[in-house]
Amino acid sequence: MSKYLLDKFLFSVDRDPELTERYREDPVELVAWWEAELAGSLFNCIPHEKTTWLAFDEEERRALREHDHVALFAMGAHPFLTLTLFIALFERDHGPMEYQLAYARALDHVTQPYPDIST
């Protein structure tokens with residue numbers, strides 16, 4: 001498991017409106033494409049600078065494909081990154097603050113200590 005790679009996915013998809021829409025419309029395709037094309041990229045470097053050892057495990061892929069923010073939180077994905085991306089994905093389908101409140105209710109069962117979010 002790589003909390004770094006989960007956070008990198010959440011960060012990069014949230015900051016690109018085209019990727020956000022692709023993730024909303026077809027998460028299975030976007031997760032597979034992102035892992036194949038962008039997981040190894042190094043931010044702020046020339047495109048040919050890449051790493052080859054980073055990959056999601058199957059549970060991470062499942063959580064990302066299913067937009068499962070509860071599972072991502074349990075894995076240690078940064079909750080701010082998850083929340084901001086999921087607001088971009090789903091807030092338009094709900095009234096003001098309705099999605100954020102549902103997001104929080106889904107995490108009601110979580111007690112301290114919270115999962116470690118350091119990478």
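Buried here means under 20% relative accessible area, exposed over 50%, and partly exposed in between, with a 1.4 Å probe and protein chains only. This is a predicted model, in which local features need pLDDT of at least 70, side-chain atom pairs count only at pLDDT 80 or more, and totals for chains, interfaces and linings use all residues. Residues are numbered from 1 along each chain as its sequence is written, and side-chain values use heavy atoms, leaving out hydrogens and water.

**View 1. F9 meets W34 edge-to-face.** Seven aromatic pairs turn up in a search of the whole structure. Rings of Phe, Tyr and Trp (its six-membered ring) pair if their centres lie within 6.5 Å; planes under 30 degrees apart count as stacked, over 60 as edge-to-face and the rest as tilted. For F9 and W34, the centres are 5.1 Å apart and the planes stand at 80 degrees, so this pair is edge-to-face. It joins distant parts of the chain, 25 residues apart: F9 belongs to helix α1 (residues 3-14) and W34 to helix α3 (residues 27-37). Helices are DSSP runs (H or I, at least four residues), numbered from the N terminus. F9 is buried, at 0% relative accessible area, and W34 is buried with a value of 0%.

**View 2. W34 stacks with F56.** Here the ring centres lie 5.7 Å apart with planes at 25 degrees, so the pair counts as stacked. Both W34 and F56 are buried.

**View 3. Four rings come together in one aromatic cluster.** Look for F9, Y23, W34 and F56.

**View 4. R22 sits over W33.** The charged end of R22 is 4.4 Å from the centre of the W33 ring; the criterion is NZ of Lys or CZ of Arg within 6 Å of the ring centre and within 35 degrees of the ring normal.

Methods:
Helix = DSSP H or I, 4+ residues; strand = E, 2+ residues; numbered from the N terminus.
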